[in-house]
Amino acid sequence: MYFNNIIPNLYMYSSILLGLCKKGMMIEARWYLENLDSKLGLRDIILYNTVINGYIKLKDLYNVVSLYEQAVNLGLEPTIITINSLIHGFCKVGKLGFAERIFNETLIRNKLRPTIVTYTILMDAYSKTRNVNKMINFYNHMLKNSIRPNQITISVLIKGLCKQKRFLEAQEFVNQMQREGMKLDEITYNTLIQGFCKGQNWNLAFQTHDNMLKNGLIPTHVTYNVLINGLCLHGKIDMAEMLLDSLIDKNVNLGKFAYMTLIKAFCAKERPQKALNLFERMLNSGFEGELKDFSSVINRMCKRGFVYEAVLVLKLMLGFRVYPDQEIFRVLCKGLEREMDWLGLKCFEALILKTGAFLIDGD
């Protein structure tokens, strides 16, 4: 290790342990940690924290607790990072009662003060289990300790409230944050919009979008993906189409996801011509049509009996020099069989032979 008079320090040893943990080589990491102690006399809670986090990623609570107890027995004092890691580990596997005990007992025993990270971990865990009251309790506890929420904490709280359809509380919370001078970021607004979309509260969803603009934030394609996806999921296809058209007219930078979401929704609602027109419009706008995009649309159309429209998608595909695979031919052939279009089927068989995409009978 002592190459060119470079003496390894704690940071270098910690980096080696981190590398082993990232690769999931926990036996080697544990061996290396214990050798640092036995051979070099190097003991530090930072090294133990690194390996504990490695076990947490693997949800190996037995070794998490074992290594923590080993560190304590060696006389090492846990830091708030150690305690946050333990709380995160128990939350990750759904053992929130144990996580709360660590918060209530271990923190006090080690005379440590919880941080914004501590509270956010617990709030997020209770949000995911839809225990919003517990989440709010920890939020209030955090405020009593004079810890101000950050953007991540706010997003966690909003998401938890929206999951329980407590939209007005979520909106009021955002308003309160703004009154207190906190500037909300795009992620927070998108979280709120997504919650309103899930609850089918379209007025509040679009109102939140407008508030973004008023507060100087420019919605990105992520915001519009959330809106269009929410509308399509709840059958508001015409509203989604109007929104997409208006955004295109305003030259808003949209991603391919927004187009494909609406195209798939048109297929699901048995409006294949709309799907085909929008697909062509998307390709002509400069988006690259991938094999999976064409395959997805052809599959959906054939399942709903729109085989001839699916053939038009195939022609569009070939026109943009994207070549079909065996699965696309299989889907189209089955569709033509159901329609009893034997001439069309013969033409496809000829095309299959020409392209070399031989079908294997498996059904």
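View 1. Leaving aside neighbours within four places in sequence, aspartate 293 is in contact with Lys256, Met260, Phe279 and Glu288, where contact means heavy atoms within 4.5 Å. This is a predicted model, in which local features need pLDDT of at least 70 and side-chain atom pairs count only at pLDDT 80 or more, while totals for chains, interfaces and linings use all residues. Residues are numbered from 1 along each chain as its sequence is written, and side-chain values use heavy atoms, with hydrogens and water left out. Aspartate 293 lies in helix α17 (residues 291–303); helices here are DSSP runs of H or I with at least four residues, numbered from the N terminus. With 6% relative accessibility, aspartate 293 counts as buried. Buried means under 20% relative accessible area, exposed means over 50%, and partly exposed is in between (1.4 Å probe, protein chains only).

View 2. Threonine 261 is found in helix α15 and, at 11% relative accessibility, counts as buried. If you set aside its neighbours within four places in sequence, threonine 261 is in contact with Ile228, Asn229 and Cys232. Look also for leucine 231: its C-alpha atom is separated by 10.0 Å from that of threonine 261, and the two residues are 30 residues apart along the chain. The side chain of threonine 261 also reaches the backbone oxygen of phenylalanine 257, at 2.7 Å. That is a polar contact, meaning a pair of N or O atoms within 3.5 Å; within protein, one must be able to donate a hydrogen and the other to accept it, and residues adjacent in sequence count only if both atoms are side-chain atoms.

**View 3. Helix α13 and what covers its buried residues.** Helix α13 (residues 221–233) has 13 residues and reaches 18 Å from its first C-alpha to its last, close to the 18 Å expected at 1.5 Å a residue. The expected span is 1.5 Å times one less than the number of residues. Among the buried residues of α13 are Tyr224, Asn225, Leu227, Ile228 and Leu231. Their cover includes α11 (186–198), α12 (202–214), α14 (237–249) and α15 (256–268). Just after α13, you will find glycine 235 with a positive phi of about 75°.

**View 4. Helices α11 and α13 side by side.** Two packed helices are described by the angle between their axes and the distance between the axes. The axes of α11 and α13 come within 9 Å and cross at roughly 5°. Axes are lines fitted to C-alpha atoms, for helices over the stretch in contact, and angles run from 0 to 180 degrees between N-to-C directions. α11 and α13 are therefore roughly parallel to each other. Angles under 35 degrees count as roughly parallel, over 145 as roughly antiparallel, 65 to 115 as roughly perpendicular and the rest as oblique. Glu186, Asn190, Ile193, Gln194 and Cys197 of α11 make the contact with Val222, Thr223, Val226, Leu227 and Gly230 of α13. By class, the contact of α11 with α13 has five nonpolar, four polar and one charged residues. Ala, Val, Leu, Ile, Met, Phe, Trp, Tyr, Cys and Pro count as nonpolar, Asp, Glu, Lys and Arg as charged, and the others, Gly among them, as polar.

**View 5. Helices α5 and α7 as a packed pair.** Helix α5 (residues 80–92) and helix α7 (residues 116–128) pack at an angle of about 5°, with their axes 10 Å apart, and are therefore roughly parallel to each other. On the α5 side, Ile80, Asn84, Ile87, His88 and Cys91 meet Val117, Thr118, Ile121, Leu122 and Ala125 in α7. By class, this contact of α5 with α7 has seven nonpolar, three polar and no charged residues.

View 6. At the start of α9, a side-chain oxygen of asparagine 150 reaches to within 3.1 Å of the backbone nitrogen of isoleucine 152. The buried residues of α9 include Thr153, Ile154, Val156, Leu157 and Cys162. The buried residues of α9 pack against α7, α8 (132–144), α10 (167–179) and α11. Just after α9, lysine 165 takes a positive phi of about 60°.

**View 7. Arginine 321 in a loop.** Arginine 321 is found in the loop between α18 (307–319) and α19 (326–339). Its phi is near 60°, a positive value in a residue other than glycine. At 66% relative accessibility, arginine 321 counts as exposed.

Key. Helix = DSSP H or I, 4+ residues; strand = E, 2+ residues; numbered from the N terminus.
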